[in-house]
Amino acid sequence: MSRALLLIAFALVSLVGCVSTSPPQPSPEVQTPNPEIADYHALRDWLDLQQAVSVMSEEQVVDELVEVGEPEEPQAWFYVALLNQQLNTYDSWVLARDALQVLIESEGLTGGQRQLADIFMRYNQKRINWYLAYQDASEEHAAVEQQLQEAREQNTVLEQKIQAITDLETTISTRKEQ
């Protein structure tokens, strides 16, 4: 019995020793920030900024653009691009695209930030292309409408001439019968 008690005591002491010890903690000098976490936080900041800009009124956007002025750092370039993107004008989309192009070519961006800037740059380029295609289609539509109007006018003139010739023939035919 003492032998069984001794084994139980030894097992308990072993288990208590295992539970009470914690894994070794790395020293502060060894800890390095995880680049994926830093990339995530930088990207999250930009996405939060985009969400904040997306709910701004046009007046607020214009006021912010005036206040920001000429951007110098990547965060400011991104903010200016977002503000211009929010305005619904061709010139603003061009400014947003150009700001994003400068941003993409700058150094110090994380991979996620560069990808997000590229997505927004392509988005603004698509808007510019759509607008230009719309303008071309509108001009073509106006030209076709003009041609249609001219054809209708010519048709009306031809109908009047045909009616005049028909009336003339009827008059000639009536005189011959008399």
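Okay, housekeeping first. Numbering runs from 1 along each chain as its sequence is written, and side-chain values use heavy atoms, with hydrogens and water left out. Since the model is predicted, local features need pLDDT of at least 70 and side-chain atom pairs count only at pLDDT 80 or more, while totals for chains, interfaces and linings use all residues.

Let's start with charge. Side chains of opposite charge can pair when their charged atoms come close.

When I say helix, I mean a DSSP run of H or I with at least four residues, numbered from the N terminus. Arg-44 comes out partly exposed at 33% relative accessibility, and Asp-48 is partly exposed too, at 36%. The cut-offs there: buried is under 20% relative accessible area, exposed is over 50%, and partly exposed is in between, with a 1.4 Å probe and protein chains only.

Next one: Arg-122 with Asp-118, 3.1 Å from N to O. That pair lies in helix 6, residues 111–177, again four residues apart, or about one turn of the helix. Arg-122 is partly exposed at 46%, and Asp-118 is partly exposed at 26%.

Then there's Arg-97 and Asp-98, whose side chains meet at 3.1 Å, N to O. Arg-97 has a relative accessible area of 21%, which makes it partly exposed, and Asp-98 is partly exposed at 36%.

Now, which residues form the negative surface patch? Those are Glu-58, Glu-59, Asp-63 and Glu-67. A patch like this takes residues with over 30% relative accessible area and no salt bridge, joining like charges within 9 Å. Asp and Glu count as negative, and the place of the charge is CG for Asp or CD for Glu. The areas themselves are Shrake-Rupley, with a 1.4 Å probe. Have a look at Glu-67: that residue is in helix 3, residues 58–68, and is exposed at 63%.

On to the buried residues. Gln-85, in helix 4, residues 74–86, is buried at 9%. What does Gln-85 touch beyond its neighbours within four places in sequence? Contact here means heavy atoms within 4.5 Å, and the partners are Trp-93, Ala-96, Phe-120, Tyr-123, Asn-124 and Arg-127.

Let's follow Asn-124, then. Asn-124 is in helix 6 and buried, with a relative accessible area of 0%. Not counting residues up to four places away, Asn-124 touches Gln-85, Trp-93, Ala-96, Arg-97 and Leu-100.

Ala-117 and Ile-104 are 13 residues apart along the chain, with 6.4 Å between their C-alpha atoms.

Conventions
Salt bridge = Lys/Arg side-chain N within 4 Å of Asp/Glu carboxyl O. Helix = DSSP H or I, 4+ residues; strand = E, 2+ residues; numbered from the N terminus. Patch = residues over 30% accessible without salt bridge, like charges linked within 9 Å, V, L, I, M, F, W, Y side chains within 5 Å.
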